[in-house]
Amino acid sequence: MAQFHFANDLNNALRMDEPITKGPVPSWLIKLIILPYFCSNMTINSSLSTSTVKSSTNSKTPNKNERKTPSKTPSKTPKNSPGKSVKTPNGGDRFIPMRTATDFDFGHFKVNITQCDEKPEEDEIKSPSQVEMERAMTENLHGLDISGARILAFQKKAPAPPDGYQNPLKVVYSQTKTPSAKASTRYIPQAPDRILDAPDILDDYCEYLRNKNNMLAVALGSNVYLWNATSGNISHLLELQSPDYICSLNWITDGDTLAFPVDSYISYSVWDVSVSKRLRTMDGHSGRVGSLSWNSYILSSGCRSGLLIHHDVRQREHIVSTISAHAQEICGLKWSPDGKYLASGGNDNLLNIWPAVQGGCYSQSTPLHSFRTHLAAVKALAWCPWQPALLASGGGTADRHIRFWNCNTGTSPNFIDTKSQVCGLLWSTTYKELISGHGYAKNQLIIWKYPSLVKVSELTGHTARVLHLAMSPDGSTVLSAGADETLRLWKCFTSNPKVKKEVSESKALTGSIFHRGIR
């Protein structure tokens, strides 16, 4: 009779679990539901009753006085296990469910509720024992939030991701190595490649330095010297007999012709330096000529009175046009590379853009644009080599700005405050960069990236303001003339960014860094 009741009870217990388990009875079901159920009916252990199920549900850790059911799974790794001696650092990255941390009653209820949410079949009828079990589970779990709970519990929770974390699975990884990115910056020597002495150079806004075909012309007081940068030879072109000094000079666009004012600054001498011969002398100004600029066979000159004159060096009557351009001295004068525009900057803080006449090489008498944005004298002027209509201009101590002008539209696309007096500007022909020479207070040279105007490098060494800048024919070297009576050559635009300066070549010619007199 006892066996008959035992079989009926077993069938009822198995029927309770039919909607969940279709195969063999799980071990956890036998330990937590079937075994306590049989023990209570057979009065083996009266403590394992429905009340015990309630108390065990409230605490996941069993009481010491409670009887523990032995587990079939060994608690320790066998001695012959290959992974016994292997320890994963920081606890590892695998999260395995733990029996001691899992509430099987709660998990069974969750699974049962999930199945109950589905549409039941019409012929499915719950047994009385199944209804009683669901009622007991509902009472035990009363008041608990089961919406975000999990069926399986883990001993150690996964750490929360940091702020801004992105799933790395979205990134496609390849087996090949990614090629190393090239350096975004190039090597720029911070020391000059050569230093030359330039005694008697005047600390003035006039132009005393010009370079052409690797031949440098320098005006030192009443003398004109020529320095061949290739051979290192220095030649003396002329010396004025009067106490006057040469205040400006300029090379013709094509050829070896050099022009500079002499005889109290009002007449010009045009020389062929290849044979050291004076070609002709011209006049027209009544004051000091501080700036010159060539456009083919036209020589444009600006004087202290603000007068602008165009000379045709081919004709006896050389004056082509006379323009009252500025109220004060013209200290900056530059023709654009294509010969379409002439820029003039004055001591009256005015910048004028003059268009060329139709079919001629001299400018019209009316400016196309007049810019009054600068707050100091405008001496530094430079036309962009890859964009002929783009002009860069620099202001004096009270301004300190470099401004860029689109002469086609008359607008200023960009500007930068350099914090120093701007005395000279040059565009690089190798990189899209601009170099500026400065006076007070650091007397430095600065290389700017265009159009971002990010400072690439700062070159220091002059102890007085940088008066003039000149570029070598290959565009790799910049020569700066300072009021400290020195000329410094900077190899800052070398074409190959990986190759550093070659000291051996400079030593073979004149030594590394040295002092040598122009005279």
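**Exercise 1. Strand β28 and its partners**

Task: Find how β1 and β28 pair, and over how many bridges.

Solution. Strands β1 and β28 pair in the antiparallel sense, over four bridges. Two strands count as paired if DSSP finds at least two bridges between them. Strands are DSSP runs of E with at least two residues, numbered from the N terminus. This is a predicted model: local features need pLDDT of at least 70, side-chain atom pairs count only at pLDDT 80 or more, and totals for chains, interfaces and linings use all residues. Residues are numbered from 1 along each chain as its sequence is written, and side-chain values use heavy atoms, with hydrogens and water left out.

Step 1: pick one bridge. D197 has T486 in β28 as its bridge partner.

Step 2: look at strand β27, residues 478-482. Strands β27 and β28 also pair in the antiparallel sense, over five bridges. Here A481 has L487 in β28 as its bridge partner.

Step 3: check the turn. The hairpin of β27 and β28 has three residues between the strands, and E485 takes a positive phi near 60 degrees.

Step 4: check burial. Buried means under 20% relative accessible area, exposed over 50%, and partly exposed in between (1.4 Å probe, protein chains only). Strand β28 covers residues 486-490, and five of its five residues are buried.

Step 5: sort the side chains. In a regular strand the side chains alternate between the two faces of the sheet. T486, R488 and W490 point one way from β28, while L487 and L489 point the other way.

**Exercise 2. A salt-bridge network**

Task: Name the residues that are linked with R288 in a network of salt bridges.

Solution. Side chains of opposite charge can pair when their charged atoms come close. A salt bridge is a side-chain nitrogen of Lys or Arg within 4 Å of a carboxyl oxygen of Asp or Glu. The whole structure holds nine salt bridges.

Step 1: start at D204. D204 forms a salt bridge with R288, with the closest N and O atoms 2.6 Å apart. D204 sits in the loop between β1 (194-197) and β2 (209-212), and R288 in the loop between β9 (277-283) and β10 (289-295), so this pair ties together parts that are 84 residues apart in sequence.

Step 2: move on from R288. R288 also forms a salt bridge with E329, the closest N and O atoms being 2.9 Å apart. E329 lies in the loop between β13 (319-324) and β14 (330-335), so this pair ties together parts that are 41 residues apart in sequence.

Step 3: join the pairs. D204, R288 and E329 form one linked network. D204 and R288 are buried. E329 is buried too.

Step 4: turn to another pair. The side chains of D417 and K419 meet in a salt bridge of 3.3 Å, N to O. D417 is partly exposed, at 25% relative accessible area. K419 is exposed, at 61%.

**Exercise 3. A four-stranded sheet**

Task: Give the order of the strands in the open sheet of four strands.

Solution. The order is β18-β19-β20-β21, with antiparallel pairing. The edge strands are β18 (378-383) and β21 (411-417), and each pairs on one side only.

Step 1: follow β18. Five bridges join β18 to β19, residues 390-395. A380 stands opposite G394 in β19.

Step 2: pick S393, in strand β19. S393 counts as buried because its relative accessibility is 0%.

Step 3: list its polar contacts. A polar contact is a pair of N or O atoms within 3.5 Å; within protein, one must be able to donate a hydrogen and the other to accept it, and residues adjacent in sequence count only if both atoms are side-chain atoms. The side chain of S393 makes one with the side chain of H374, at 2.8 Å. The side chain of S393 makes another with the side chain of W405, also at 2.8 Å.

Step 4: go to F415, in strand β21. F415 is partly exposed, with a relative accessible area of 46%. Contact means heavy atoms within 4.5 Å. Leaving aside neighbours within four places in sequence, F415 is in contact with H401, I402, R403, F404 and L453. The C-alpha atoms of F415 and I402 are 5.5 Å apart, though the two residues are 13 residues apart along the chain.
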